[in-house]
Amino acid sequence: MIPLARAVLGTEEEAAILEVLRSGQLSLGPRVPAFEQAFAARVGAPHASAVSSGTAALHLALRAVGVADGDEVVTSPFSFVASANAVLFERARPVFADIDPRTLNLDPEAAAAAVTERTRAILPVHIFGYPADLPAFERMDLPIVEDACEALGAVHADGVKVGGRGHPAAFGFYPNKQMTTGEGGMLTLGSAEHKERVDSERNQGRAPDMGWLDHDRLGFNYRLTDLASALGLVQLQRLDGMLEARARVAGWYREALAGFEELELPCEDAGGDVRGWFVFVVQLPRHAGRDDTIRALSARGIPSKPYMPAIHLMSFYRERFGHREGEFPVCEDVAARSVALPFFPEMTEGQVAEVAEALDSVLRTRLASPTT
Ligand SMILES: *Cc1c(COP(=O)(O)O)cnc(C)c1O
């Protein structure tokens, strides 16, 4: 059976993990800074801090730019829930604004309209690996935190890699991401001050020169292990190959699904922006019935999932903030029709054809009798 996602893991990863195991230093060892330096170099960032997850990276990034109690952070409702939750960790409020219908990223004009005197930061998400319009957000003159958890390998039109603009940018290494450390994350940073603060806060608030005797601020345990960092170093060496493979699989999907006019495919790169391929998400025709389509695909042995549901319409956000349908029409329309198809670097052209044929046949049946 074709999986929805699958990491590329080989004997190099096994050897790297074994080496750390045998060294006896499983955490706070040399692989962590080695991984940080290699990652920073890969995206062109001055600094990087390895942490235990993408969510932890977002949390520490928001603290680094000064987000605190009662502040507002303008962000996208079309994202994984972690980008909004991280704002709530600091008792600040995520203020959503609608998305651009082509890129599915936070719309800079809508974001600008949502800014108030309480706005402390803008949190754009590079959704599905497509670069958010950072130059437009940079003109808004507010601190920026980037959710780059889906965008490793993406490049902005001006040639700067996502994560390399100097704003705190969060990456995640869950096994479905472009590279994995099992669980893990990385925060790329433009300033040495941010790096020092983040390194301290991920490690219980310990100052770098203070040993374990004193802790001069509140901290967390958001450390990444040496085991995970060793895995990350090997995955970084494979990254170019894995990104190329993802782009190739996306190309096969485009060809295989080109005949289906009513199906909207991921937007093509435009204006010099380059996507870092993460998922292959199609938007179904409005009357196809997303959940029934997913069930019909599953009955044919093809996994797929609604991706992503709108954050403001999740029960926790509805209850806490009184959100309801109709607030962000573009996001809601896209969220109701989006389906992630199986997508991973080692996917074969034959597997892509199998998924495409199943989708084609399910949709033709459903569109012929949409009420069944
Ligand atoms: C994966 C992801 C995260 C969170 O990463 P974790 O490592 O699972 O904490 C945050 N935001 C987006 C958009 C993601 O896709």
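This is a predicted model: local features need pLDDT of at least 70, side-chain atom pairs count only at pLDDT 80 or more; totals for chains, interfaces and linings use all residues.
View A. Strand β8 has a partner: β8 and β10 pair in the antiparallel sense, over 4 bridges. To find your place along the pairing, look for Val281, which stands opposite Ala340 in β10.

**View B. Trp277 and Phe343, a tilted aromatic pair.** Here the ring centres of Trp277 and Phe343 are 6.0 Å apart with their planes at 55 degrees, so the pair counts as tilted. Trp277 belongs to the loop between α8 (226-257) and β8 (280-283), and Phe343 to the loop between β10 (338-341) and α12 (349-368), so their contact ties together parts that are 66 residues apart in sequence. Both Trp277 and Phe343 are buried.

**View C. Phe39 meets Phe173 edge-to-face.** A search of the whole structure finds 15 aromatic pairs. One of them joins Phe39 and Phe173, with 5.6 Å from centre to centre and 70 degrees between the planes, an edge-to-face arrangement. Phe39 sits in helix α2 (residues 31-43) and Phe173 in the loop between β6 (169-172) and β7 (185-189), so this pair ties together parts that are 134 residues apart in sequence.

**View D. A cluster of aromatic residues.** Which residues form one aromatic cluster? The members to look for are Phe96, Phe316, Tyr317, Phe321 and Phe328.

View E. Around the ligand you will find Ser53, Gly54, Thr55, Ser79, Phe80, Ala82, Val125, Asp147, Cys149, Glu150, Lys177 and Gly184. Thr55 places a polar side-chain atom 2.5 Å from an oxygen atom of the ligand. Asp147 has a polar side-chain atom 2.7 Å from a nitrogen atom of the ligand. In the side chain of Glu150, an N or O atom is 2.7 Å from a ligand oxygen atom. How much of the ligand does the protein bury? Taken alone, the ligand exposes 380 Å², and the protein buries 92% of that.

Definitions and conventions
Residues are numbered from 1 along each chain as its sequence is written. Side-chain values use heavy atoms; hydrogens and water are left out. Rings of Phe, Tyr and Trp (its six-membered ring) pair if their centres lie within 6.5 Å; planes under 30 degrees apart count as stacked, over 60 as edge-to-face and the rest as tilted. Helices (H or I, at least four residues) and strands (E, at least two) are DSSP runs, numbered from the N terminus. Buried means under 20% relative accessible area, exposed over 50%, partly exposed in between (1.4 Å probe, protein chains only). A residue is near a molecule or strand if one of its heavy atoms lies within 4 Å of it. A polar contact is a pair of N or O atoms within 3.5 Å; within protein, one must be able to donate a hydrogen and the other to accept it, and residues adjacent in sequence count only if both atoms are side-chain atoms. Accessible areas come from the Shrake-Rupley method with a 1.4 Å probe; for residues, only the protein chains shown count as cover. Two strands pair if DSSP finds at least two bridges between them.
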